[in-house]
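Trainee: I have a model open on my screen and I'd like to learn how to read it. Could you walk me through it?

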Amino acid sequence: MASESWNVLVTGGAGYIGSHTVLELLEADFKVVVIDNCSNAYKGDNDNKPECLLRVEKLINKKITFVCCDVTVIDELRDVFKKYTFNCVIHFAALKAVGESCEKPLEYYKTNVGGTLNLLKVMTEYKVKHLIYSSSATVYGTPEKLPLVEDMNTGNCTNPYGKTKYMVEEILKDLCASDKSWSIISLRYFNPVGAHPSGQIGEDPNGIPNNLMPYIAQVSVGKREMLYVYGNDYDTPDGTGIRDYIHIIDLAVGHVKAMIYQKTRNPTGFKAINLGTGKGYSVLEVIHAFEKASGRKIPYKIVERRPGDIATSYADANIANKELGWQATKNIDDMCIDTWKWQQNNPNGYKS
């Protein structure tokens, strides 16, 4: 594959999923430009580049082109497109916490919907028509049945975060219907967890983690006193919520596979593809798996359900396998082992 001829813009590339995907793209010899507003990326003493990207550079022994840019400011995006030439964009830049989206919906609509509209406008101006969009299983809302399949209804979302992802998918569908030269893949991912096996890059949330795995990891190293489990009265075997957890490396590879698919098959139109393992784990099962990986007890307390949460969600990932040649290779033990290694090496995240 002559991937060297494809230049890729990665928005939000200093985030958790973005940084791991940048590493995989560089390993596959794509040329990458990363933009990020660094609202959730630690820079340390380096004024020019987030710490996670400096570590990716060391791991891959390649330099990354980075521009501090906010997708909600259209002129900043235009400056990037003026300076660099792109064949494809992978769009991660977004706010992503379900609970926070219920408290700050306007910020979520501004960044996730408004920022994407800016990006699409500038892509149109510069005739860049290949896009891989970072979507979410939350677009399915409360599942009508399981596993979740791409042709199921979307839009009955239970929180503003999911609604923003759904709205953008509808915008992308309308764009593809209006202009047949667009090629857009919307990757609907389930619950990304884990870290690079090196322990050098991983998830480093600002403040109190909104997601289960980083919270467990911070409890395990004594950074937090205990884990709060939101509800044990769901209609599940142990009463706690069940999710399809996917290792961050599997997820990152999925983006590379999607780009290779676009490059080699040149599909047009909008295509939604699930990225998940096809298996769900309950909160208590994840706690027990992490205790096994770390050799440490995870104290937890059952509290009331969170607004916007659903009981069970897991993927049918057959389309990813059939179209992209992708399937998840790592299990919950791998996810916990790699998270624990990252947390041990970096008790304070990238500030360690």
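Mentor: We'll go from the whole chain down to single residues. Keep in mind that this is a predicted model, where local features need pLDDT of at least 70 and side-chain atom pairs count only at pLDDT 80 or more, while totals for chains, interfaces and linings use all residues. Residues are numbered from 1 along each chain as its sequence is written, and side-chain values use heavy atoms, with hydrogens and water left out.

Trainee: What does the secondary structure of the protein come to?

Mentor: Helices (H or I, at least four residues) and strands (E, at least two) are DSSP runs, numbered from the N terminus. Here you get 11 helices and 14 strands.

Trainee: And why does the radius of gyration agree with a compact globule?

Mentor: The radius is taken over C-alpha atoms, and the globule rule is 2.2 Å times the number of residues to the power 0.38. For 352 residues a compact globule would come out near 20 Å, and the protein has 19 Å, so the two agree. Along the principal axes, the C-alpha trace spans about 55 × 45 × 40 Å.

Trainee: How much of the protein do buried residues make up?

Mentor: Buried means under 20% relative accessible area, exposed over 50%, and partly exposed in between (1.4 Å probe, protein chains only). Buried residues make up 54% of the 352. As for contacts (heavy atoms within 4.5 Å), 80% of those with a separation of 6 or more are between residues 24 or more positions apart.

Trainee: Which residues have the most contacts inside the largest nonpolar core?

Mentor: A nonpolar core is a set of buried Ala, Val, Leu, Ile, Met, Phe, Trp, Tyr and Cys residues joined through side-chain atoms within 4.5 Å. The largest one has 46 residues, and Leu25, Leu187 and Met259 have the most contacts inside it. Helix α8 (residues 248–265) gives the largest share of this core, 7 residues. There's also a second, separate core of 26 residues, with Ile35, Phe86, Val128 and Val168 among them. Going back to Leu25, its contacts beyond four places in sequence are Val8, Val10, Phe30, Val32, Ile90, Val256 and Met259.

Trainee: How do I read a helix, say α2: which of its residues are buried?

Mentor: An α-helix has 3.6 residues a turn, so residues three or four places apart point the same way. Helix α2 (residues 51–60) is mostly covered, with 7 of its 10 residues buried. Those are Glu51, Cys52, Leu53, Arg55, Val56, Glu57 and Ile60. They pack against α1 (16–27), β2 (31–36), β3 (65–68) and α11 (332–345).

Trainee: In the open sheet of 3 strands, what is the order?

Mentor: Strands of a sheet pair through backbone hydrogen bonds, either parallel or antiparallel. Two strands count as paired if DSSP finds at least two bridges between them. The order here is β12-β9-β14, with mixed pairing. β12 (281–282) and β14 (312–313) stand at the edges with a single partner strand each, so one side of each has no neighbour in the sheet. Strand β9 (residues 242–243) runs parallel to β14, and 2 bridges join them. Arg243 has Ser313 as its bridge partner in β14.

Trainee: Last one: which residues does Asn112 touch?

Mentor: Asn112 lies in helix α5 (residues 105–125) and is buried, at 2% relative accessibility. Outside four places in sequence, Asn112 touches Ala94, Leu95, Tyr161, Thr164 and Val168. A polar contact is a pair of N or O atoms within 3.5 Å; within protein, one must be able to donate a hydrogen and the other to accept it, and residues adjacent in sequence count only if both atoms are side-chain atoms. The side chains of Asn112 and Thr164 make one at 3.1 Å.
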